Amino acid sequence: NHCRMSPHYRWERSFAADQRSAAIIRAAHHPPFVDDDFKIRLGRLVGFNKVLSNAIDRIEQRGDTIVITGHGFGHRVGFCQEGAKTLATNGWKAEAILRFYFPTATIR
């Protein structure tokens, strides 16, 4: 996987627990899950720098702190910018990179 060197491949963030964040987490699916609405609701409350993607692997409460672990950056289109950058650095042309990520797409 060309994205494993990305700082967004696997991530963990923490923030102070409060009633509003606890309510959002209680209403969420049991991890692991992918949920755009969860990312938006919690991100608006605690900051999108704390909820990097919609792919959530684990949620824990540690005292007065909530720790969320996830992966990816949450675009859900299947195109890893870090991976594309790595391929380009290794000499791949734009069309070859697009074909790698979107093999059935028509490139015009």
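Gly47 is buried, with a relative accessible area of 18%; buried here means under 20% relative accessible area, exposed means over 50%, and partly exposed is in between (1.4 Å probe, protein chains only). You'll find Gly47 in the loop between helix H2 (36–46) and strand E3 (55–62). Helices (H or I, at least four residues) and strands (E, at least two) are DSSP runs, numbered from the N terminus. The C-alpha atoms of Gly47 and Phe15 are separated by 9.3 Å, though these residues sit 32 residues apart along the chain.

Before going further, a word on what you're looking at. This is a predicted model, in which local features need pLDDT of at least 70 and side-chain atom pairs count only at pLDDT 80 or more, while totals for chains, interfaces and linings use all residues. Residues are numbered from 1 along each chain as its sequence is written, and side-chain values use heavy atoms, with hydrogens and water left out. As for pLDDT, that's the predictor's confidence in each residue, from 0 to 100. The chain has a mean pLDDT of 88, and 88% of its residues reach 70 or more. Confidence is highest in helix H1 (residues 19–27), at 95, and lowest in helix H3 (residues 81–89), at a mean of 86.

Now for the layout. The chain has four helices and four strands, and from the N terminus on they run β-α-β-α-β-β-α-α. Of the 108 residues in the chain, 31% are buried.

The four strands form an open sheet in the order E1-E4-E3-E2, with antiparallel pairing; two strands pair if DSSP finds at least two bridges between them. Strand E1 (10–16) and strand E2 (33–34) are the edge strands, each pairing on one side only. E2 is joined to E3 by two bridges, and Phe33 has Ile56 in E3 as its bridge partner. E3 and E4 pair over six bridges, again antiparallel, and there Glu60 has Val67 in E4 as its bridge partner. The hairpin of E3 and E4 has two residues between the strands, and in this hairpin Gly63 takes a positive phi near 65 degrees.

Next, the helices. H1 lies across E1, E3 and strand E4 (65–71), running at about 135 degrees to E1. Axes are lines fitted to C-alpha atoms, for helices over the stretch in contact, and angles run from 0 to 180 degrees between N-to-C directions. The axes of H1 and H2 come within 10 Å and cross at roughly 170 degrees. H1 and H2 are therefore roughly antiparallel to each other (angles under 35 degrees count as roughly parallel, over 145 as roughly antiparallel, 65 to 115 as roughly perpendicular and the rest as oblique). Where they meet, H1 brings Arg20, Ser21, Ile24 and Ile25, and H2 brings Phe38, Arg41, Leu42, Leu45 and Val46; contact means heavy atoms within 4.5 Å.

One last stop is the loop between H1 and E2, where Pro32 has its place. A cis peptide bond joins Pro31 and Pro32, with omega at about 0 degrees. Most peptide bonds are trans, and most residues other than glycine have a negative phi.
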